[in-house]
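Please keep the sequence and the coordinates at hand while reading.

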Amino acid sequence: MNTTTSGRALLAAGLVLAATVGGPAPAVRADARYVEVDFCNDDDEAISLAMAHYDTPLFGQYVIRGWYTIAPHTCRHEDIARGGVLYTFAGSADGHEWDGDTRFCVPLKAFNRTATREDECAEGEAPFRFEAHVLPWDDTYTVTFSR
């Protein structure tokens, strides 16, 4: 018996067992290498979000991207590779910032590139201090921006 046949047989058995005990089979994540991250804006102002994280699970290369606008009292969903640290920076038009201790130079317009921690920012970039979030091994994680 090959592993594909074996896996399908176990899945079918699990679905039948769940049906016989009166409940649905537990949900299975489409890709367990990623954490479902919700970036939630609990503020009354729209925010702009930038983030840095591994591009592949378990210590790939860091990528940095932004700026994503999140309307007041809404969330943005992203699948982020497991392992390592997720870095975020957010700011609102009234000047409020949600920042941290890790410095990245980023463009002031939309971007998606390899992350660097250069001492000097390139032309068209500015330094921002990002907050570090150690991603858990859970399936979901929420970053909430509120005052």
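The side chains of Arg147 and Asp43 meet in a salt bridge, with 2.8 Å from N to O; the term stands for a side-chain nitrogen of Lys or Arg within 4 Å of a carboxyl oxygen of Asp or Glu. Arg147 lies in the segment after strand S10 (140–145) and Asp43 in the loop between strand S1 (34–41) and strand S2 (47–54), so the pair ties together parts that are 104 residues apart in sequence. Strands here are DSSP runs of E with at least two residues, and helices are runs of H or I with at least four residues, both numbered from the N terminus.

Arg147 counts as exposed because its relative accessibility is 53%, whereas Asp43, with a relative accessible area of 5%, is buried. The classes are set with a 1.4 Å probe on protein chains only, buried meaning under 20% relative accessible area, exposed over 50%, and partly exposed in between.

## Basis of the model

The model is predicted, so that local features need pLDDT of at least 70 and side-chain atom pairs count only at pLDDT 80 or more, while totals for chains, interfaces and linings use all residues. Residues are numbered from 1 along each chain as its sequence is written, and side-chain values use heavy atoms, with hydrogens and water left out.

## Further ion pairs

By the rule stated above, the count comes to 6 salt bridges. Side chains of opposite charge can pair when their charged atoms come close. Another of these pairs is formed by Arg65 and Glu78, whose closest N and O atoms are 3.0 Å apart. Arg65 lies in strand S3 and Glu78 in strand S4 (residues 74–81), so this pair ties together parts that are 13 residues apart in sequence. Both Arg65 and Glu78 are buried.

Glu78 also forms a salt bridge with Arg76, the closest N and O atoms being 2.7 Å apart. Glu78 has a relative accessible area of 10% and is therefore buried, while Arg76, at 27%, is partly exposed. Elsewhere, salt bridges that share partners join Asp43, Asp94 and Arg147 into one network.

Which residues does a cis peptide bond join? The bond lies between Gly66 and Trp67, with omega at about -10°. Gly66 is found in strand S3, which covers residues 62–70, and Trp67 lies in strand S3 as well. With 4% relative accessibility, Gly66 counts as buried. Leaving aside neighbours within four places in sequence, Gly66 is in contact (heavy atoms within 4.5 Å) with Leu49, Ala50, Lys109, Ala110 and Phe111. Gly66 and Ala90, 24 residues apart in sequence, are 9.7 Å apart in space from C-alpha to C-alpha.

His73, in the loop between S3 and S4, has a phi near 60°, a positive value in a residue other than glycine. At 51% relative accessibility, His73 counts as exposed.

## The surroundings of His53

His53, placed in strand S2, is buried, with a relative accessible area of 5%. Apart from neighbours within four places in sequence, the contacts of His53 are Gln61, Tyr62, Val63, Arg65, Ile80, Val85 and Leu86; Arg65 is also the salt-bridge partner of Glu78. His53 and Ala115 are 62 residues apart in sequence, and their C-alpha atoms are 8.5 Å apart in space.

## The chain as a whole and its surface

The protein chain has 1 helix and 10 strands, and from the N terminus on its elements run α-β-β-β-β-β-β-β-β-β-β. Of its 147 residues, 36% count as buried. Among the contacts with a separation of 6 or more, 69% are accounted for by residues 24 or more positions apart. The accessible surface comes to about 8700 Å², of which 53% belongs to carbon and sulfur atoms; areas come from the Shrake-Rupley method with a 1.4 Å probe, and for residues only the protein chains shown count as cover.

Glu97, Asp99, Asp101 and Glu131 form a negative surface patch. Patches are made of residues with over 30% relative accessible area and no salt bridge, like charges being joined within 9 Å and nonpolar side chains (Val, Leu, Ile, Met, Phe, Trp, Tyr) within 5 Å. Lys and Arg count as positive and Asp and Glu as negative, with His and the chain ends not counted, and the place of a charge is taken as NZ of Lys, CZ of Arg, CG of Asp or CD of Glu.
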